[in-house]
Every structure is written in C-alpha cells, then in structure tokens.
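Me: I want to learn how to read the features of a fold. Please take me through them one at a time.

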Amino acid sequence: MKAPEQNPLHLTRRALLRVGGINVVGGFLGAFLPRNVRAAGKAQPMGTARQVLFVNLEGGMSQVDTFDAKEGPWTPEYFDIRNCGGGLKLPHGLMPNLTQVLDRVTVVRSMAAWDAVHGRAQYYIQTGHPLNQALAREVPAIGAVVCHELAKSRKETDTLPAYLSMNMAGNQAGLINQGFLSAEYGPLSLSVGGDGPPRLAPDKGQVEVMRRRWERLLQLDGSLRRVQPGLDRSFADYHEYYRGAWAIMNDPRVPEIFSVSESDRARYGGSAIGNSLVLARNLFRADAGTRFILASHGGWDHHGDIYKEKSRNHPALIRELDAALTSLLRDLETTPSRHRPGKSLLDETLVVVMSEFGRTPGPVSATRQGREHFIHVHCGLLAGGGIRRGAVIGKTDELGGKIVDPGWSGSRPIYMEDIACTIYSALGIDWTKTLQNTPSGRAFHYVEPASGTQYVKFQPVQEFFA
C-alpha cells in the first residue's frame, strides 16, 4: 500500500525560485499553528548534538551481508568476511574503508521494523509514526519537527533551509513534508547525481535582472504576503517559499557550498550518495542554517541476483556507501566545531545510517538468487553527536534471523520510534511532547505511545550515548 504523495517538486534552479522547495500541500494546512504544547515532564534529553544527517538506505539493506555479516555456502569469496572484534563480522572485501573507522561509530544489530511494505515502512522512517491515511497529510516528518524545535536558535545569517533532503524523488512513501507545522520547516528537495548538486546561484549577468523582478513582484502582491486576520495563511506560506528561494540565490556562500571538487568526488566515490554526503559536509561546515539532512541511497531492494557483480546490486551499493560514509566521517572529525571549542564537527553532528527493514537470512532464494523483505531483524550505524565510539549493540543468532540479545535496557528490539526518540534527545528535544492544535483535532505526539500493532514504551537508546 503506497502512502499518499507528499513530494516537494523536483527542483531545478529555476523551479527553486518558483516554489521555494516546500510542498504546496503544506500551504493549505498553514492556518493551524501549534499551540497548547504538552510534555510528560520526565524526559531528560541528552543535548549532545546540533544537527542530524540521516542516511536512508532505501529498499531494505541485507543485514547478513553488511553490518551483521553471516557466512555460509552462499557467501561469495570476494566478501572476505573478517572478525572485527567484539563479535562483529564485516565483509572486508566490500567495506575496506569502513572497517578502518569502526572506532568512530556504533554498530546496531538488534533493530526491527513493524511493516514489510516499502511505502508504509519508508513513511515510518521519515516520521517515526505508523501510517494513518486519515492523518497522513498533517503528520510532519521528524526533520520538520526538529526544525520547528530549533527555530528559536536560527540566526539572521541563516539563509539556507533548516531541513534539506536529497534524492528522495523516487521514494515509495514520497517525501514527507512539514504537515500541519509552518511551511518554513518543510524540506528543500534536491536531486544530486553523479555530476554533483544543482547550481542554485544566478548566472553571471542575471543578478540585476533577478533583483528587479523580485522587487516588482513585491510591489504587485506585497499586501498578500503578510499574515492578516481573515486572510488564508497560505498566502504568507507561499511568500515564505519565495523569500527562502531568494535568500538562497543571493547568499555568496551558496556557489561554494553547492559544489563538489574533483578531489572530493574521487574520495567520496563519484556516486550519487558520495556527492550527497559531500554536500551534507559542506552544508554543516558552512553553518548557514541547515540542521537536518535526509540523504537517500536507493536501490537496496534485492529480491534477485543480490550478489551479481557489475550491476547496481549489493556489491556496488555497499562499495558506494563504504567510500562515501568513511570519507564523510573523516572529514567531519578533522573539521573544528564553530560552537564548541576543542570539539569537531563530528562531535556535534549525529549521523544515522539505516534501512526501513532487513532481508531474509540464510541461503538466497533458489529461483531468483535474492533475499525478501524481513521485519524481525535489521541493522544500522550511528556516529558523532555524543554517540559511543567503537561500540556494538545487539546480537543475533547464527543465521542473523533472530535477536538473541537486544543489547540495551529496553530488552526488546530497537524500533524506528526509539531511533526518533534518540534523535530528539541528542538535539535536546523532549520526545514526550504533544501539540494540540491540529487540523483533525487529535493531539500530535512527537513519538506515539503505540506502534501500528501494539503499545510500547518507546524511549531513547541510552546505550548509544557515550
């Protein structure tokens, strides 16, 4: 079942000025401002991070072929699976770089999912909520909630969008937007390919032309660009789209931020995910307002020929991730923090890498030589932002199909809601909050106390933190 479309327009530089990068649907929910904020009062957020990079391995990465490698007669020799200490085994043949930075990350092997259908599971990844068709249009993405919470710390020089996504256009859930929150918290959606990110600054000679057009636009409809009693808030939201686009196009930092040097392209692998992570690094280095980045790495849905070389199946994708993620972690660690003396950009950036679910363990299917969707176990990786270094959380059985030790105080699998709680906690946000003034009249919980099937006490995974 596919979730409702909530995709911001696929942006070219021209389209950016036209729509400002935020989903038009959000404008029609803009009249509902969050009020009557409530919290359970017992939460104690960690506050160890300033910003978040969420790398979405879209399609369902096989846990037994990556961060919880299991070896059997089906395993290709080139995987070169090695023991990396602490009971962790990784395919060194596919991850020669990541195995060198394990002292900077926490590997999680006790994750599970609620849904095995891509659309609904990807909706979970983006919102931390089960898909409810009646409420889908008003539920904001985690990134939008984060930007709503951090808006008070935004500076005058913060011209770039607080929430930015990359390569989410083909996502089966669509790109979830700001829901009932203000349009300014919605995502700017970019397509970043092997050639790099789009150019967002005007060409030389066009600056004056664009300035005149912007001024004339304000003269023509300026009276509609302010929130006024009796006037639909959508007008003001549309102005926010335009204003944000205009600010981006006139920021002198933008050309450098949205560029990939040849040396970076080579180090990060020259792939779409590689260039996306270069852009993420540039955005956080610039400290120009972006606080949440969602970068998608698609193609992990390997129902057939999972090990086929010279194709975009598992070997190619994990090698792309290996080069890109390793280079990112190294660059963030060698970049000094602008806000915390003696700390690095990695220290203040929470990096989360995961899929919506895992894949069937054991031998590959006899007919298609692939692996099917599997909700009972999957894996991920976290780094930076106060996360422990060199840790391994959770343990599975010999096939990687059953969690035998969750590895944390919850004594159960780690679900997306727990990851959402962890993200909020790392950023100093109370994950128990609810907002009352929604279009449906139903309170919006930052994290619901129930999954799609049962009540669970969701909480931050404290064992992730140093």
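Reply: Start with pairing: two strands pair if DSSP finds at least two bridges between them. Helices (H or I, at least four residues) and strands (E, at least two) are DSSP runs, numbered from the N terminus. This is a predicted model, where local features need pLDDT of at least 70, side-chain atom pairs count only at pLDDT 80 or more, and totals for chains, interfaces and linings use all residues. Residues are numbered from 1 along each chain as its sequence is written, and side-chain values use heavy atoms, with hydrogens and water left out.

Me: In which sense do strand 1 and strand 7 pair, and over how many bridges?

Reply: They pair in the parallel sense, over seven bridges.

Me: How many residues of strand 7 are buried?

Reply: Buried means under 20% relative accessible area, exposed over 50%, and partly exposed in between (1.4 Å probe, protein chains only). In strand 7, six of the seven residues are buried, so the strand is mostly covered. Across the protein chain of 466 residues, 59% are buried.

Me: How many helices and strands does the protein chain have?

Reply: Count ten helices and 16 strands. For contacts, the rule is heavy atoms within 4.5 Å. Take the contacts in the protein chain with a separation of 6 or more: 75% of them come from residues 24 or more positions apart.

Me: Which residue is 313 residues from Phe67 in sequence but 7.0 Å away in space?

Reply: Gly380, taken C-alpha to C-alpha. Phe67 sits in the loop between strand 1 (51–58) and strand 2 (81–83). Phe67 counts as buried because its relative accessibility is 2%. Leave out residues up to four places away in sequence, and Phe67 touches Cys379, Gly380 and Leu381, among others. Its contacts also include Leu88, Lys89 and Leu90.

Me: How many disulfides does the structure hold?

Reply: A disulfide is a pair of cysteine sulfur atoms within 2.5 Å. The structure holds zero. Cys147 is buried, at 3% relative accessible area. Cys379 is buried too, at 2% relative accessibility.

Me: What should I look for in phi?

Reply: Most residues other than glycine have a negative phi. Asp305 has a positive phi of about 50°. Asp305 lies in the loop between strand 7 (292–298) and helix 9 (314–334). At 38% relative accessibility, Asp305 counts as partly exposed. Ser411 also has a positive phi, near 50°. Its loop runs between strand 14 (403–405) and helix 10 (416–426).

Me: Is Ser411 buried or exposed?

Reply: Ser411 is exposed, with a relative accessible area of 61%.

Me: Which side chain makes a polar contact with that of Asp264?

Reply: A polar contact is a pair of N or O atoms within 3.5 Å; within protein, one must be able to donate a hydrogen and the other to accept it, and residues adjacent in sequence count only if both atoms are side-chain atoms. The side chain of Arg267 joins that of Asp264 at 2.9 Å. Asp264 is in helix 7 (residues 262–268). Asp264 is buried, with a relative accessible area of 9%. Beyond four places away in sequence, Asp264 touches Val278 and Arg281.
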